[in-house]
Amino acid sequence: MIADDEVEKALHWLTANAKTAGELRGARVKAEAMLKHVRAVLFAQCNAKSAAEREAWAYAHARYSEAVEAMSNAVTADEENRALREAAGMRIDVWRTQSSNTRVKL
């Protein structure tokens with residue numbers, strides 16, 4: 001059984017974490033956009049004639065690698081926070097179901 005105080009903690013955490021969740025999602029979106037931006041800038045800087053060579057050069061560049069790492073970190077943080085929020089929500093749903101079942105039995 002999930003205790004009432006656990007549900008209170010979950011509700012409090014969800015409320016207190018709302019701003020952080022938004023910031024993490026924003027950081028993820030920004031990192032995804034920056035990855036595309038870095039690729040485009042590097043693509044434009046390369047003097048190779050074919051698009052395939054320019055693209056390969058851009059993907060192999062250290063700046064692109066750094067942007068991939070930044071995106072990976074942002075996605076990891078956002079997904080971890082999303083999973084925690086989902087777990088808190090599930091805890092509340094289970095408590096709700098348990099409470100309903102208890103009322104029906106009475």
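Arg 28 is buried, with a relative accessible area of 16%; buried means under 20% relative accessible area, exposed over 50%, and partly exposed in between (1.4 Å probe, protein chains only). This is a predicted model, where local features need pLDDT of at least 70 and side-chain atom pairs count only at pLDDT 80 or more, while totals for chains, interfaces and linings use all residues. Residues are numbered from 1 along each chain as its sequence is written, and side-chain values use heavy atoms, leaving out hydrogens and water.

**Salt bridges around Arg 28**

- The structure holds 9 salt bridges, each being a side-chain nitrogen of Lys or Arg within 4 Å of a carboxyl oxygen of Asp or Glu.
- Arg 28 pairs with Glu 32 at 3.4 Å, N to O; both sit in helix H2 (residues 18-45), 4 residues apart, about one turn of the helix.
- Helices are DSSP runs (H or I, at least four residues), numbered from the N terminus.
- Glu 32 is partly exposed, at 29% relative accessible area.
- A salt bridge also joins Arg 28 to Asp 78, with the closest N and O atoms 2.9 Å apart.
- Because Arg 28 lies in helix H2 and Asp 78 in helix H4 (residues 62-105), this pair ties together parts that are 50 residues apart in sequence.
- Both Arg 28 and Asp 78 are buried.
- Glu 79 meets Arg 28 in a salt bridge as well, at 2.6 Å, N to O.
- Glu 79 is in helix H4 and Arg 28 in helix H2, so their pair ties together parts that are 51 residues apart in sequence.
- Glu 79 counts as partly exposed, at 28% relative accessibility.
- A network of salt bridges links Arg 25, Arg 28, Glu 32, Asp 78, Glu 79, Arg 82 and Glu 86.

**The aromatic pair**

- Searching the whole structure turns up 1 aromatic pair (rings of Phe, Tyr and Trp, the last by its six-membered ring, with centres within 6.5 Å; planes under 30 degrees apart count as stacked, over 60 as edge-to-face and the rest as tilted).
- Tyr 59 and Tyr 64 form this edge-to-face pair, 5.0 Å centre to centre with 65 degrees between the planes.
- Tyr 59 is partly exposed at 39% relative accessible area, whereas Tyr 64 counts as buried at 13% relative accessibility.

**A negative patch**

- Asp 4, Asp 5, Glu 6 and Glu 8 form a negative surface patch; patch residues have over 30% relative accessible area and no salt bridge, with like charges joined within 9 Å.
- Glu 8 belongs to helix H1 (residues 4-16) and counts as exposed at 59% relative accessibility.

How values were computed. Patch = residues over 30% accessible without salt bridge, like charges linked within 9 Å, V, L, I, M, F, W, Y side chains within 5 Å. Areas by Shrake-Rupley, 256 points an atom, 1.4 Å probe, with all protein chains shown as cover. Lys, Arg positive; Asp, Glu negative; His and termini not counted. Charge placed at Lys NZ, Arg CZ, Asp CG, Glu CD. Helix = DSSP H or I, 4+ residues; strand = E, 2+ residues; numbered from the N terminus.
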